[in-house]
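Please examine the sequence and the three-dimensional model below before reading on. The paragraphs that follow turn to the ligand and its surroundings, and then to the backbone.

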Amino acid sequence: MTLSAQDTASTGTHPMRLGFIGTGDITRAMVRGLAGQGHQILISPRNATIAAALAAEIPGVSIASNEEVVAGSDVVFLCLLARVAVDVVPGLPFRTDHRVISVMVDAPLDKLRHLCAPATDIALTIPLPPIAKGGCPLPVYPASPTLEALFGARNPVITLESETALAAHLAVSGISATMLDQLLTAAGWLAGHTGDPASAEAYVAAMIRAYLPERATGGELAGALRNLSTEGGVNATLRAAMARAKADMVKGLDGFSARLGLDKTAQGKG
Ligand SMILES: NC(=O)c1ccc[n+]([C@@H]2O[C@H](COP(=O)([O-])OP(=O)(O)OC[C@H]3O[C@@H](n4cnc5c(N)ncnc54)[C@H](OP(=O)(O)O)[C@@H]3O)[C@@H](O)[C@H]2O)c1
């Protein structure tokens, strides 16, 4: 795995011709994240409401048919539901020089090579909605200089060594709701004592943010945890009381193994 360095990544990306097939939630976030860099961005007309809003909001964004999006782009983002893609993608005019970036979590590389032929430069990534403002981790397989050039200046691009590793990242992206739920529970508990829900949420959000490294390179989270391990302190006491939550998380993640084709023997590698 390699992690791009935000401060050294290209910030002066030359404008590119980008196309998005499928204009739903994740396309909206990605296109917003690309705004203001001079790219020509073609988006498909579905979803019509989101497509119209993006075209009105962001200079350089135009709406075109799926065929025109592919024909008029050098980089094509596939942002459909995978079950829709099998019907829509094969008829599109892909070329050998296209660079394709798929965000479709249920469409493996083999299948995409088939759907996007004769294009062969295909990468898979998992953007999250915060990509609209930046700071969103972008795991990718295989390496994609194009993804790095487009998003690397504002988002850490994490290049992986296997499709299985990407699937494991997808599984772990599922902890977000649990973490947010725990933070909300804590904020609600705090508000029950202070009578001020807004301040309680502000406190909890800022506190956790303060412990997170700007860009982890390995060891920062463990270091922060060590510093919060004073015996008898509120952190160590609560952590011990909630020890089962940790095992529950690992069990829940393991539960994705069959669904995501995860190979337990690969743990600890790459
Ligand atoms: N949302 C996330 O946080 C997230 C994160 C990582 C990966 N992904 C992946 O991104 C993909 C899209 O997710 P999403 O959340 O953006 O879903 P979504 O909001 O449902 O977007 C799917 C889009 O595909 C459009 N579509 C349907 N049929 C089409 C056709 N024939 N031609 C062109 N467009 C068509 C839909 O238009 P209509 O609304 O008009 O049907 C909609 O705009 C999925 O594969 C998902 O796994 C999503």
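Which backbone atom of T23 lies 3.1 Å from which kind of ligand atom? In this predicted model, a backbone N or O atom of T23 lies at that distance from an oxygen atom of the ligand. Taken alone, the ligand exposes 890 Å², of which the protein buries 74%.

The site of the ligand is the second largest pocket. Two elements, helix 1 (25-34) and helix 4 (82-88), each give two or more residues to the shell around the ligand. There are 18 residues around the ligand, and those that come nearest are I26, R46, N47, N66 and L80. By residue class, the shell comprises 11 nonpolar, five polar and two charged residues.

The peptide bond from R46 to N47 is cis, with omega near 0°. N47 is placed in the loop between strand 3 (40-43) and helix 2 (48-57).

A cis peptide bond is also found from A117 to P118, where omega is near 10°. P118 belongs to the loop that runs between helix 5 (109-115) and strand 7 (121-125).

Methods:
Residues numbered from 1 in each chain as written. Predicted model: local features only at pLDDT ≥ 70, side-chain atom pairs only at ≥ 80, totals over all residues. Heavy atoms only, no water. Near = heavy atom within 4 Å. Polar contact = N/O pair within 3.5 Å; in protein donor to acceptor, adjacent residues only side chain to side chain. Areas by Shrake-Rupley, 256 points an atom, 1.4 Å probe, with all protein chains shown as cover. 1 Å grid on protein atoms, 1.4 Å probe; cavity = no way out; pocket = protein on both sides within 12 Å on 5 of 7 lines; lining within 4 Å. Sits in = over half its atoms within 2 Å of the grid points. Helix = DSSP H or I, 4+ residues; strand = E, 2+ residues; numbered from the N terminus. Nonpolar A, V, L, I, M, F, W, Y, C, P; charged D, E, K, R; others polar.
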